Amino acid sequence: MPNLTIAVASGKGGTGKTTVATNLTVALAREGLDVAYVDCDVEEPNGHIFLQPTVDREEEARVAIPSIDPDICTGCGECSDFCQYNALAVLGPSVMLFPELCHSCGGCRLVCPEKAITEIPKTVGRVRTGTSHEAGFIDGTLEVGATQIHPVTSLVRRTVGSHQCAVIDAPPGTTCPTIEAVRDVDYVVLVTEPTPFGLNDLELAVGMVRELGLRFGVVINRSDIGDDRVETFCIRENIPVLLSIPYDLECARAYAGGHLAIDRSETFRHMMVDLYHRVEEGAHD
Ligand code: SF4
Ligand code: SF4
């Protein structure tokens, strides 16, 4: 387990979450910290675009799905009656499985009176481990057509290892995949924009982290393009604004070209190091 696990999250996509997570990781690695970037956005991982990692290990995330022995099955239908996800259909004497609907609960195997059901592994995603810019790198990718996000996110979290610090790039939103990515972290950095949509999604994200009992603060990206409602909300709710990042054309160009902003702007690099110190303080106060 890392000494400090920081999740970078946002109530919606496109706020600059991955920019903060990737640049923060590399800025810290260049300060000599043993840090890893951990991309938990398994439906759309894109940290690798900026970090260009060297991958040295890949592991499959698997779930168990039922396998029905047609020689034993009597077609009684108890398994399909039990399945709440309509993943099994009895067609005459045989049973058909729709693996994409199966949630791997294992219940059908238990209710089958003939013991005709066993479980077989199904790959639902892959987790890669490597290095980038002297930092550790871990990301997960959901297989095409797979819907079981949780086992992939969970394997990514378990793969982090013993780095001093882990920076988790959480999936945007406030649903189960985000909760799985941020659970148990030491601190959550919520990245938002000073717009009405940004405020709305921030309010949802704040509700989520408060419900989970996590320490958190806010980063306002493109802080000079909108209004002050996000800031007013943070003051009213007693939420620390860790950093305000004004719009910067060089940083925007770096992002568009798949480069790290800290390589184009020394100011941005300093901002990332300052952000870390504020998070460290907030995580331990
Ligand atoms: S419960 Fe068992 S025996 Fe009955 S239909 Fe399902 S697999 Fe076949
Ligand atoms: S394991 Fe659970 S979800 Fe999958 S087919 Fe069996 S009962 Fe349905």
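Trainee: Is Glu237 buried, partly exposed or exposed?
Mentor: Partly exposed, as Glu237 has a relative accessible area of 27%. Buried means under 20%, exposed over 50%, partly exposed in between (1.4 Å probe, protein chains only). This is a predicted model, where local features need pLDDT of at least 70, side-chain atom pairs count only at pLDDT 80 or more, and totals for chains, interfaces and linings use all residues. Residues are numbered from 1 along each chain as its sequence is written, chains are lettered from A and ligands numbered from 1 in the order written, and side-chain values use heavy atoms, without hydrogens and water.

Trainee: Which residue forms a salt bridge with Glu237?
Mentor: Arg210, with the closest N and O atoms 2.8 Å apart. A salt bridge is a side-chain nitrogen of Lys or Arg within 4 Å of a carboxyl oxygen of Asp or Glu.

Trainee: Why can such side chains pair?
Mentor: Opposite charges can pair when the charged atoms come close.

Trainee: How many salt bridges does the whole structure have?
Mentor: A search finds 18. One of them joins Lys12 and Glu193, at 3.8 Å from N to O.

Trainee: Is Glu193 buried or exposed?
Mentor: Buried, at 9%. Lys12 is partly exposed, at 23%.

Trainee: New topic. Which residues are around ligand 2?
Mentor: Among them are Pro66, Phe82, Cys83 and His103. Around means a heavy atom within 4 Å.

Trainee: How does that shell divide?
Mentor: Nine nonpolar, three polar and no charged. Ala, Val, Leu, Ile, Met, Phe, Trp, Tyr, Cys and Pro count as nonpolar, Asp, Glu, Lys and Arg as charged, the others, Gly among them, as polar.
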